[in-house]
Amino acid sequence: MNQFIEPKGFLVAVGGAEDKGTDLEKGIIERNRLNFFELGILSKIINLIEGGKEPKVEVITTASSIPDEVYENYQSAFEKLGVKNIGHLRIRNREDTSNPDFLQRLKDANCLMLSGGNQLRLSSIFGGTEFIQVPKEKYYSEHFVIGGTSAGAMAMSNTMIYEGNASLAHLKGEVRITTGMGLIQNVIIDTHFDKRGRFNRLAQAVAAYPGAIGIGLGENTGVIVTEGHHLAAVGLGTVVIIDGRNIDYNNIADIEFGSPISVENIIVHMMSAGDVYNLRTRKYEGKEIIIKVED
């Protein structure tokens, strides 16, 4: 897809709500459901769907090891918002992506939700398939909404962190990167950013790929991406932007694995709800975009 064509759809990347996806894997379901619902991010997602349509939402739980419980969590939250048509694309392997029923339901949907869990499952199962081309094309051609939380948010970008211990992230090689689902280009998204102390992790990723902009999403926090390049912060926490375009000294290519990295002149922005960053100009605009959806 031509990167200079502005998509008509929206991406909503969420940093996790009370460890939604991770705590949920440990069985803390009810608490997550209430906090995630009360946050209102799901409501914002539904409001982005093209006016006058009965929302058709499909939830993908591929990243999770407990897909049915995760789906029930989303189903309950969406139902509280008045959404009646909620489907579960229960895809567990690459063979499932060619299921004609799943493909048709995805084509008929106007909102797709990617749950938390393990982002490497998303990239390894969907990468190169016909299935992943459907939401990409819908995102560019219509008011299609793609939401993702935790792993589901991290997998949206073309460059994706799939592993990295935050306490060791200042050492070369401790942050592992692969190709994501490619819904948005030239960014690297990290989640649970403040609670898990992941600044060094994202900074190393940007040092290795300085053409990409790092987006660190705190819990209970997210960004709504409009026109493919306007990032509007939503939620209760902080969105951190790491821009490596002006990096001068950078030793990451020259040192041995396990050695501490040195990077000079990284630009960092911190955003709260209503603030906007422009990916195209790499400028912090600091004012809320009023998102309007035409009938």
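Predicted model: local features only at pLDDT ≥ 70, side-chain atom pairs only at ≥ 80, totals over all residues.
The protein contains eight helices and 15 strands. Of its 295 residues, 54% count as buried. Contacts between residues at least 6 apart in sequence were also examined, and 74% of these join residues at least 24 apart.

Helix α2 spans residues 41–48, and its buried residues are I41, L42, I45, I46 and L48. Viewed down the axis of α2, these residues fall within an arc of 160 degrees, so they line one face of the helix.

In helix α4, formed by residues 100–108, the side chains of interest belong to F102, L103 and L106, which are buried. The three cover an arc of only 100 degrees around the axis and therefore lie on the same side of α4. At the start of α4, the backbone nitrogen of D101 is approached by N99, a side-chain oxygen of which reaches to within 2.8 Å.

S150 is located in the loop that runs between strand β5 (145–149) and helix α7 (151–154). Its relative accessible area is 4%; because the limit for a buried residue is under 20%, S150 counts as buried. The side chain of S150 is in polar contact with the side chain of H192, at 2.8 Å.

The largest cavity has a volume of about 40 Å³. Its lining consists of L11, A13, M156, I184, I189, I215, V223, V225 and L231. The elements that give two or more residues to this lining are β1 (10–14) and β10 (221–226). By class, the lining of the largest cavity comprises nine nonpolar residues, with no polar and no charged residues.

Notes
Residues numbered from 1 in each chain as written. Heavy atoms only, no water. Helix = DSSP H or I, 4+ residues; strand = E, 2+ residues; numbered from the N terminus. Buried < 20%, exposed > 50% of the residue type's maximum accessible area, 1.4 Å probe, protein only. Polar contact = N/O pair within 3.5 Å; in protein donor to acceptor, adjacent residues only side chain to side chain. Arc of directions from axis to C-beta. 1 Å grid on protein atoms, 1.4 Å probe; cavity = no way out; pocket = protein on both sides within 12 Å on 5 of 7 lines; lining within 4 Å. Points joined across faces, edges and corners; volume = space filled by probe spheres on them. Nonpolar A, V, L, I, M, F, W, Y, C, P; charged D, E, K, R; others polar. Contact = heavy atoms within 4.5 Å.
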